[in-house]
Amino acid sequence: MKHSAPLRTGKPRLSHLSYALAGAFGTFAALNTGAAFAQAAEASLPEITVSTQDGGSLKAPSTAGGRLNLTPLETPASVAVIMGDTIRDRGYQTLLDAETRAPGVTSVPFSGNGNNSLSARGFYGPNSISQLYDGLQLYNAGGVVTFPVDPWNVERVEFLNGPASVLYGTGFVGGAVNVVPKRPDLKQQSNEVQFSAGSFGTYRKAFDSTGPLSDTLAYRLDVSHVNSDGWMDRGRSDSLTVSGSLLWKATRDLTLTLANDYADIHPGSYEGTPIVNGAIVPGTRFKNYNVDDAQVRFTENRTYLRARYELSDKVVLSNDVYLIKHDRRYKETYTYTYNPATGNVARSNYRDIVGAQTQYGDHGYATIDGELFGNKNQLVVGFDLNRSLYDRNDNTNAAGNFAGGTTVNALNFNPGTFAQGNSPAIRALYRVTVDQAGLFLQDRYQLNKQWAVTGGLRGDNYQTRRDDFITRLTANGNQNAVSWNTGVVFTPVTDTSLYAQYAVASDPVTSLASISASQMQYGVSKGKQAEVGVKQALWNGRVEWTLAAYRIIKNNLLAPNINNTAISDTVGQQSSRGLEGSLTFKVNDDWRVEANASVLQARFDNFTASVGGKATSLAGYRPQFVPKRTGNLFVLWNATPQVEARTGAHYVSDRYSDNTDQSRLPAYTVLDAGVAWKVTPKLKFDFRIDNLTDKVYAASTYAGTATQWILGAPRTYTVTGNYAF
């Protein structure tokens with residue numbers, strides 16, 4: 001029997017869809033709002049630009065839809081790319097802000113999931129919409145994903161809406177997000193610094209440097225530090241991220257890259273504002289009900305060695321060996337319930353958690369470009385070997401819940417300390433070990449100039465072991481997952497693609513990295529999707545638009561219990577269907593408009609749960625954290641060669657935090673605006689206003705919680721200066 005690991009503190013619906021979609025676009029067009037679309041200088045110029053062409057064009061190759069480096073026009077799926085320079089020029093402070101501007105993607109941020117969970121195509125959470133970093137899957141223990149968070153070191157963010165299991169394994173029925181970091185530049189030296197100051201004592205200092213050290217050796221270093229007093233009481237946050245990489249062109253054909261990414265994140269202790277009758281309690285918008293000595297801290301360190309060998313002009317071998325470490329610390333109370341009769345707030349769920357995870361493995365594949373029967377054929381064949389070790393220490397009671405509680409006045413209170421909650425002491429609970437082995441292939445065959453077919457196949461085996469330090473028992477599990485897809489692209493005229501795709505994917509019923517002994521009896525949840533769509537570039541690329549229709553069915557999954565989110569209920573079937581559309585219109589050299597919208601119906605098809613002590617069918621109910629409609633609009637105006645004005649709107653319809661559709665989060669629209677001034681080719685200043693109308697809205701809440709909302713930030717002002725040298 002293994003002994004307990006020592007406690008470690010972290011260093012941290014759809015008949016009128018077409019009408020609804022048109023209405024969504026019309027509503028947003030009526031808003032005289034938008035956002036900047038700007039990019040940094042060409043790689044050969046060490047200067048800052050206010051705006052350039054969109055690097056995420058339909059005709060630009062990317063790895064969003066696979067490893068064949070296809071353009072979106074060539075890919076039979078919904079893909080999108082947001083360039084890192086665009087993210088930074090628009091002033092998004094976190095990657096989550098940027099990711100939610102992609103079609104159909106919304107966020108569900110709270111510290112319990114690392115402030116980094118997404119919803120797409122009717123599904124929510126990191127076990128259905130997985131996030132990758134540079135193509136490597138990030139295992140989530142307890143549904144927590146905390147890296148990457150800062151957009152400073154990002155080259156681009158790629159989105160694949162719909163099943164992606166063929167590419168990456170289980171956990172991708174709803175979609176995949178891949179964050180690609182900046183690379184070392186072997187050709188030219190460039191440096192950039194950024195300083196910004198904003199409302200609520202928010203400051204950012206960032207530095208980027210890259211260039212050659214010799215004819216065969218290059219480096220990249222990105223450092224960013226952000227600290228803030230926070231818009232709420234006692235809301236101080238602090239984060240430091242450091243990314244460094246070395247590229248060695250060992251031979252003409254062999255390139256080696258060694259990279260390390262580190263993050264120390266203190267996200268602050270705000271966990272929500274109490275509500276009554278579907279609105280926040282008056283006078284509490286800026287209150288922080290957590291204890292004064294609350295601790296929330298996430299630390300990350302990721303190291304990988306990448307080898308790329310060009311065996312020939314047609315065959316390229318790639319391999320990544322990697323080591324990832326996570327440390328999580330929560331010591332706080334995170335549930336607040338307002339009592340109108342007394343004017344008090346009851347604070348409960350005093351949690352004390354230390355989680356430590358190590359993940360390491362090897363990921364390799366070969367890309368083969370050739371011919372078959374005289375036509376072009378592209379093939380990728382690869383493997384994944386991975387191990388994850390997760391040690392969990394916390395203060396849950398015998399029922400698996402966080403005990404403890406205190407009561408304070410809603411408006412005037414001493415926050416007190418964690419010890420006053422009288423919760424149990426922290427103890428070592430368990431270790432979960434996951435061993436994965438996977439094989440995959442993807443192929444694209446060009447039948448003729450107009451038709452191309454693609455297909456993919458993947459098989460994974462997951463061996464899980466849980467050593468319980470309380471019962472001294474060991475449980476073992478063995479899960480197999482097979483995924484596949486096939487698609488066709490028809491190009492009737494140049495720069496126009498019609499496509500259809502069918503995909504079968506799989507999700508784990510829970511996080512494999514922290515799976516319980518009882519959950520090991522379940523196999524993976526199977527999902528299948530049918531999708532059709534059109535993509536087109538017009539007027540020499542001045543107009544680009546896409547439209548996709550899809551249907552997803554997922555069987556045999558788990559959902560949080562209505563009465564106790566610490567346990568799960570079995571759902572027989574859940575489904576979604578919807579439309580997603582996007583439009584980019586470069587009116588002239590001075591004006592650019594971008595818009596996207598989604599409308600969907602998500603529902604449980606077969607789900608019986610205990611509600612109020614009675615077995616109740618929830619068929620037809622909408623799953624938690626799934627909006628029916630989303631939309632984004634951006635407008636850019638180059639007033640002069642040196643001055644650019646932008647405005648934007650982000651819309652999310654209502655959502656529910658539970659599966660009985662009782663706890664409703666209202667719809668909201670947030671407006672932003674900004675002006676950028678390019679003083680010289682190397683010096684730029686930017687002034688930005690976020691949440692222009694000071695909208696009070698619920699960004700999210702904890703799953704199943706009906707007593708509080710986690711509010712979005714109020715109106716904030718930020719001034720930023722960038723200097724390139």
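**Sheet, hairpin, cavity**

Reply: Begin with an open sheet of five strands, which has mixed pairing and the order β1-β7-β8-β5-β6. β1 (78-83) and β6 (136-137) are at the edges with a single partner strand each, so one side of each has no neighbour in the sheet. Strands (E, at least two residues) are DSSP runs numbered from the N terminus, and two of them pair if DSSP finds at least two bridges between them. This is a predicted model, where local features need pLDDT of at least 70, side-chain atom pairs count only at pLDDT 80 or more, and totals for chains, interfaces and linings use all residues. Residues are numbered from 1 along each chain as its sequence is written, and side-chain values use heavy atoms, with hydrogens and water left out.

Me: In which sense do β1 and β7 pair?

Reply: Strands of a sheet pair through backbone hydrogen bonds, either parallel or antiparallel. Here β1 and β7 (residues 154-161) are antiparallel over six bridges, with Ser78 opposite Asn161.

Me: How many residues lie between β9 and β10 in their hairpin?

Reply: Three, and Phe200 in the turn has a positive phi of about 60°. β9 (residues 190-198) also pairs with β39 (residues 716-724), antiparallel over seven bridges.

Me: Which element gives the most to the lining of the second largest cavity?

Reply: β1 gives the most, with six residues.

Conventions: Helix = DSSP H or I, 4+ residues; strand = E, 2+ residues; numbered from the N terminus.
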